Structure formats: structure tokens, C-alpha cells
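Work through the exercises below with the sequence and the coordinates open beside you. Each task is followed by a solution that goes step by step.

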Amino acid sequence: MKKGVFLAYGLILAGLFMQAHLHARYKFSGIERLRAEIDRQGREIERERFRAELAAHEFADYRGHVATLIPDALKKSGGETERYRLRTLASVVQAPDGDRLPLERASGLFEKGKARFRAETYEAAVAAFRGVIERFPESIHVAEAHFLLAESQFQLKEYEACLATIEAMITLFPESELTGFALLRLGKIYEYQDRLEDAVEVYRAVLASYKDQALLTQARLSLKAVEL
Amino acid sequence: MSVRHLLAFLFVFSADVRVKAAELAALPNSADVLQEPTDCVMRTSPCAVKTRAGEKFKLAVGEFTVVLDAQTSVVRLSESGIALLAGTVWVQGEKPFTVRGEFGAVVSHGGEFWVSRDMERMRVAAIGEPVALEPRGSKIALRVDPGEENWMGRVGGDGAAATGVPQAIPLAEHMRRWARLFPGTKRQFEKASREFHRSWGRGLASVAAYHESLAEDRRRALQEEAEKRARLKDRREKRSEELRALYRRKVLLD
């Protein structure tokens, strides 16, 4: 009996001692102080973020104010340099006008290509027409861009690339009159490459598929010349 | 039906009810909002306030009550106006009140309305009385009738903020945000929502008529656009004759 009581007391004392030890270790380890510091710094970060949000709001408010002034300033601006500066500013402060711009850019690029084609700088023209086809595939200029690209490639004697472009035209715009002209060019390339049977097929295809009189006359003449 | 099926049915039914109730749970009031300058809420304007996640806050602005949803930032500018930086506010009062923002201002001559702001838009829903939207850079104010919602966006190339067309307030979304900020009991909320439903129905009817006229205008505009395109196509055909002559010369004579 006495032994049992002694053991129970011993266990209770050991438990109390361990509790006291753990508490003292926690108290003097600095964990509590560090936790308070983390909490304080967390609140400081939160406050700084809020200040940053207020500053961002002031900036956005100012940006909105500037954006309202630009149209009037553009009307009143004198020189091209000033207009360029204002347009650059507008691109930053105003909402992007996403619908209209791509088509305008497609037209601009196509006109640039045509000017280069007329000036017989065919390499530059090829770059412009490729740009129209690849970047603005829904543009109304795509068929003409294909034709002029094929023609520029022909002038540069890049026959394989020219053939690929004309094949793309046949796939994409089979009913376009421009494809008829491109096919005549295809026949000529086959003639240069001594592929006379292919050339005959092409001229016959033009005769069967198109109604333009000049196109038909030339197809007949070309066919006659090849068959002779 | 077996006992297992009955239990499964009861479980699914009770789970569904719990989800819906959770969606309509009210947020607790914040005891400690962020303030800039420190402790400015009890003093005069200007004072910037921000609520933390999962908390709402009732801000006193003159004679108005402005309830801030969770993670909402506002600046109290005066006794009759605030600037909304982010989040959602529910404004109630009897006198003229203005909520400003980057995209424009919302002006109320008394009544209850909601304003939500994200990066791209400031959305306004009128509840009891109409409110006016004054888009930045525009001389024309837009009216939002009770039960309707409209928005303002960034300033575009014409120097005026973009605006939307009036829509009926999206009911489910509105009920969720209202329940989050509603101060009363569940029973009071049910009663208030039944009243709101009536004004929302009237708003829906007026918006439907407006959209009908809008669709007719759009149809007419598309028809005019098609005619214009046809005229342009004819003109372009004539212009391209010259270019085609060039093609012919180059292809046929080379």
C-alpha cells in the first residue's frame, strides 16, 4: 500500500516537473517575442500595401484625367512631332481600341507592299505581303496580297516559293479572277521547267474555270504555243 | 425504396441546403479595419479605409450608411461622398451622395444603391431610387433606374469613359452580396428580398423594352453597314481595274 502511494506521488511530481520545464523552456526561448514581432511586421506589410493601393488609385485617377484631355490636345496640336508624342501618351493612358486597329494596320501594310512592288523592290514587297497574309488572315486584301506575293517571287526567280503561293491561292480563292492570272503564271513556270504536260493541264483548267475574256484569250494562245 | 436509398436521398438533400445557406451567410463586422491616417474613422474626412478578407464594415459618412464588403477600399472624401478604390459598397441615405472612381462618378439624390469596382469596370445597381452615372470626360449623364445595373470603364480614344447598356441586376449575384452585408435576421432578409424582387421585376420589364429598341437600332445599323460595304466594294472594284490592267500587262506580256 505504502509502495503504491509512493509511486503515485512520484509520478505526479515527475509530471509537474516536466510541465514546469516545458513552460520555462517556452518562456525563455524567445518564441513568444518572435511571434509578436511576426504579427507586428505582418500588420506593417498590410499597411504598406494599403498605402501602395492608395498611391495606385491617385495615379489611375490622374491617368484618367490626362486621357480625357488628349483628343482636344490632338485637334489643337501643330506639328507632326507633337502629334506623335500625344499619340504615344494616348497609347499608355487610354483604353486600347482593339477592333479597328488591326484592319487599319493590314491596309497600311498592304499599301506599303504595293508601293514596293511598283518600285520593283521585290524583296521588301515579299516581306510586306507575307506580313499581311500571316498577321491579318481575315483582311480583305489577302487575295491580292497572295497574287502580288507570287508575282514578286516570280520576279525574284524563287519559282518553288512562287508555286507554293499559287497553290495556296487555288485552295483559298479558287473562284477569284486573280487566281486565274496566277494560274497563267503557273503555266509559264512549268514551261520554263520543261513540264509541258503540266502547263497544258493548267491552261485547260483556266479555260474551263474562268470567264474573263483577256484571261481566256491568253490561255488559248499559251495552250496553242505549248501544243505546237 | 430501401433504407440505404432513403439515407442517401436525405444526405444529398441536406448537403444541397447547406451549400445554399453557406452562400447566403452574413459576414461578421470588422472590429479592426485598416485606416490611413491611423484611427481616422472616428475623425473627419479624408480617411481611407480597407476591410480584410471575411469581414464587413459599416462606415459612417455624414448622414449616410456605407457598408463595405470584404476586401474593399474606400476613401471618405466629405460628408456626402466617397471614392471607391476596389471591392463593393452598399450605400443608403436620404440626401444627395456621390461615389467617385477612376472611370467617373455615381450620383444619387437619396435612396439605396450598390457600386462594385474591379480593374476594368465600375458597376452600379440602383435599388430604391434612380441614380446617375457621370462617365469621366463625357457631358452626358446616364440614368440607372431601380432594378437596373450599368457600368463605366476606362477612358477611350474619344476622351470619354466607356459605358454599358442598362441590364437587369443579376439576381443570384446580388442576393449573395446583399446577404453578406445584411445587418438583420434571416426573417428580415426574406421579407426585404421579397420587396426587392418586386422592384427588380419592374426593372426587368423596362430593360426588356429598352433592349428591344436597342436590337432594332442594331439591326438597322447592320443593314446600313452592309449597304455601305457594298458601295465601298463597288468603288474598290473600279479602283482595282488599274491594278488589274497592270497584272495583265505583266503576266501576259512577260
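**Exercise 1. Decide whether B:Arg136 is buried or exposed, and then find its salt-bridge partner.**

Solution. B:Arg136 has a relative accessibility of 17% and therefore counts as buried, where buried means under 20% relative accessible area, exposed means over 50%, and partly exposed lies in between (1.4 Å probe, protein chains only). Before going further, note that this is a predicted model, in which local features need pLDDT of at least 70 and side-chain atom pairs count only at pLDDT 80 or more, while totals for chains, interfaces and linings use all residues. Residues are numbered from 1 along each chain as its sequence is written, chains are lettered from A and ligands numbered from 1 in the order in which they are written, and side-chain values use heavy atoms, with hydrogens and water left out.

The next step is the partner: the side chain of B:Arg136 meets that of A:Asp61 in a salt bridge, 3.0 Å from N to O, the term standing for a side-chain nitrogen of Lys or Arg within 4 Å of a carboxyl oxygen of Asp or Glu. This pair crosses between chains, from A:Asp61 in helix H2 of chain A to B:Arg136 in the loop between E11 and strand E12 (142–144) of chain B. Helices (H or I, at least four residues) and strands (E, at least two) are DSSP runs, numbered from the N terminus. A:Asp61, with 28% relative accessibility, counts as partly exposed.

**Exercise 2. Identify which residues form salt bridges with B:Glu102, and state where they lie.**

Solution. Begin with the partner in the other chain, A:Arg63, whose closest N and O atoms to B:Glu102 are 2.8 Å apart. A:Arg63 belongs to helix H2 of chain A, whereas B:Glu102 sits in the loop between E7 and E8 of chain B. B:Glu102 counts as buried because its relative accessibility is 5%, and A:Arg63, at 21%, counts as partly exposed.

Then turn to chain B itself, where the side chains of B:Arg117 and B:Glu102 meet in a salt bridge of 3.2 Å, N to O. B:Arg117 is in strand E9 (residues 111–117) of chain B, 15 residues apart from B:Glu102, and with 12% relative accessibility B:Arg117 counts as buried.

**Exercise 3. Describe the interface of chain A and chain B by its contacts, its area and its residue classes.**

Solution. First take the contacts (heavy atoms within 4.5 Å): 38 residues of chain A are in contact with 36 residues of chain B.

Second, consider the area. The size of an interface is often given as the accessible area lost when the parts come together. Here about 3,300 Å² is buried between chain A and chain B, with carbon and sulfur atoms giving 57%; this is the accessible area (1.4 Å probe) that two parts lose on being put together, summed over both. In chain A, the residues that lose the most area to chain B are A:Arg47, A:Phe50 and A:His57, together 17% of what that side buries.

Six salt bridges are found between chain A and chain B. A network of salt bridges links A:Arg47, A:Glu48, A:Arg51 and B:Glu36.

Finally, ask which element gives the largest share of the side of chain A that touches chain B. The answer is H2(A), with 16 residues. By class, that side has 17 nonpolar, seven polar and 14 charged residues, with Ala, Val, Leu, Ile, Met, Phe, Trp, Tyr, Cys and Pro counted as nonpolar, Asp, Glu, Lys and Arg as charged, and the others, Gly among them, as polar.

**Exercise 4. Work out how strand E8 of chain B is paired and why it is largely enclosed.**

Solution. Two strands pair if DSSP finds at least two bridges between them. Strand E7 (residues 97–101) of chain B pairs with E8(B) in the antiparallel sense over five bridges, and a hairpin joins the two through two residues. Within this pairing, B:Gly101 stands opposite B:Gly104.

E8(B) also pairs with strand E11 (residues 131–135) of chain B, in the antiparallel sense and over five bridges, where B:Val131 is the bridge partner of B:Ser108.
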